[in-house]
Amino acid sequence: MPKKKLQISPDSSDTEMSSNVSSTSDDKPGTKAQRVTRQSISENRDQTPVKAKGRPRKKSGGSTEPTRCSPRHYGGSDIGCSSPHYATMKGVCPTPGCDSQGHLSGKFDSHRTISGCPIYHNTTAEECKKRYTQKDYYSESRKKILASVDNRHTLRKQSPTKEQKMRYKEIKAARRLLGITDENRNAWGTHKEKYEKAREPLLKGLTSDYDFKLFQQAQAESCENLDYEMTENYQLAEQQEYRIKKIEIGRYELGTWYSSPFPEEYARLPKLFLCEFCLKYMKTSTILRRHMAKCVWRHPPGDEIYRKNNISVFEVDGKKNKVYCQNICLLAKLFLDHKTLYFDVEPFLFYVMTEADNEGCHIIGYFSKEKNSFLNYNVSCILTLPQFMRQGFGKMLIDFSYLLSKVEEKIGSPERPLSDLGLISYRSYWKDVLLNYITEYQEREICIKDLSQETKIRADDIVATLQAMGMLKYWKGKHLVLKREDIIKEYIAKKKNRPPDAKKIEPNSLKWNPPAKQQ
């Protein structure tokens, strides 16, 4: 088959360099790429409907739509709040011997979680209600004291009252007299042997009564806030609109964009906690903290095939490390709309990019590819975590995928459809590669197939990128590639302004053999 030749000749009229291309049926220019704006991306990120708080909104036909409870009246005691509270929904507390009656906060008559179980916290429903009543009394007394303090006319620092001084001395004396006795130790040991992990450890005797009551109040308020979040999420669950809203991985807390098919007991939670090394997902920060104390992983499983400074890439086989690859797919679905691969990970290889420090190798992003792709796709799914976006890591992942294609001596292309952010990243990468090649090319004729072989970018992607830049035209029955000087000058200026330590992939740092060549 004859090759297409691009004959480059200078044009003095408009300072553009045009090239004649022989039109064949095999190499037709691709369709013009649609423009993707920031507005469309932001609209696609969050598809959760937002409902106004307040009175029920009337629909056509006279029916009303219940609204969510606000934090001010979410206990269900206010008239007009039609949404059931999470603690009053159907369910059984998992604590052995508990009948789901009472609530740790003392505000509700029933519960369904360990965090709200009075028995688990070594108390009773009556004591919880009594503490809730006392809490209201103390809060009113505190308001009166603060109001009286504000009315006192002082210049700078207000001195404590006599009652406050006496109370402070009592608390200080109680803390000073505190001591752990043998009776306390025996009670703790007996309690642990009897209940093991089915109950909270006994806390009396560890601190003064005043500090213990403060801890109980904080524990009840935390349980109350958690139940409110669960109420919000379960109301969406009934309408099949629920999704995990936040995840905590490492030192970052990330808001999610889409839903992900986690197991139902996790998918109903408003927030998940992930180990940043093994990517195991957990329900609470306490479980995560205990896991991190035992987790021996400090980098992804598999072989480290690239290292440059503190950036590494690990090759993970989906067949050998199935659970890790499934976890990374579930994580990726929280930020990708078109992802469909979750559990069938055995036919894929995963390339995980990390950033190393004294604690270990922290995940930046990854891409996956089929072991044997019939259409020579070099990327099946690609993701940069939100906290590392707009820092050049996305282009590094794309460049690394094409570097592997060059080693394999194959022409690659990403699998379609691309996400909105993925399309923007690939267009930017293809544009830089093509402009860099055109500016350094000195011959008068260019062949698109030779250009594809040189860069390992598929010819259709090259044509689509040239069209998007306005450098491919059809004139008098021939295709012309226009070397626009304004785009070339802009690219050269941008290249000169890049810092010397800009993020890029160094081919010499790759230590990898293609699977077909591995022995």
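This is a predicted model: local features need pLDDT of at least 70, side-chain atom pairs count only at pLDDT 80 or more; totals for chains, interfaces and linings use all residues.

What does the accessible surface of the chain come to, and what percentage belongs to carbon and sulfur atoms? I got about 31600 Å², with 50% belonging to carbon and sulfur atoms (Shrake-Rupley method, 1.4 Å probe; for residues, only the protein chains shown count as cover).

Residues are numbered from 1 along each chain as its sequence is written, and side-chain values use heavy atoms, leaving out hydrogens and water.

Next I checked the fold. I found 13 helices and 18 strands (DSSP runs numbered from the N terminus: H or I of at least four residues for helices, E of at least two for strands). Of the 519 residues in the chain, 41% are buried (under 20% relative accessible area; exposed is over 50%, partly exposed in between, with a 1.4 Å probe and protein chains only).

Then I visited L331, which sits in helix α8 (residues 322–333). I logged L331 as buried because its relative accessibility is 2%. Beyond neighbours within four places in sequence, L331 is in contact with I247, I249, F262, L274, L279 and L385 (heavy atoms within 4.5 Å). Of these, L274 is 57 residues from L331 in sequence, yet their C-alpha atoms are 9.2 Å apart.

Last stop was K197, in the loop between α4 (182–195) and α5 (209–238). K197 has 79% relative accessibility, so I put it down as exposed.
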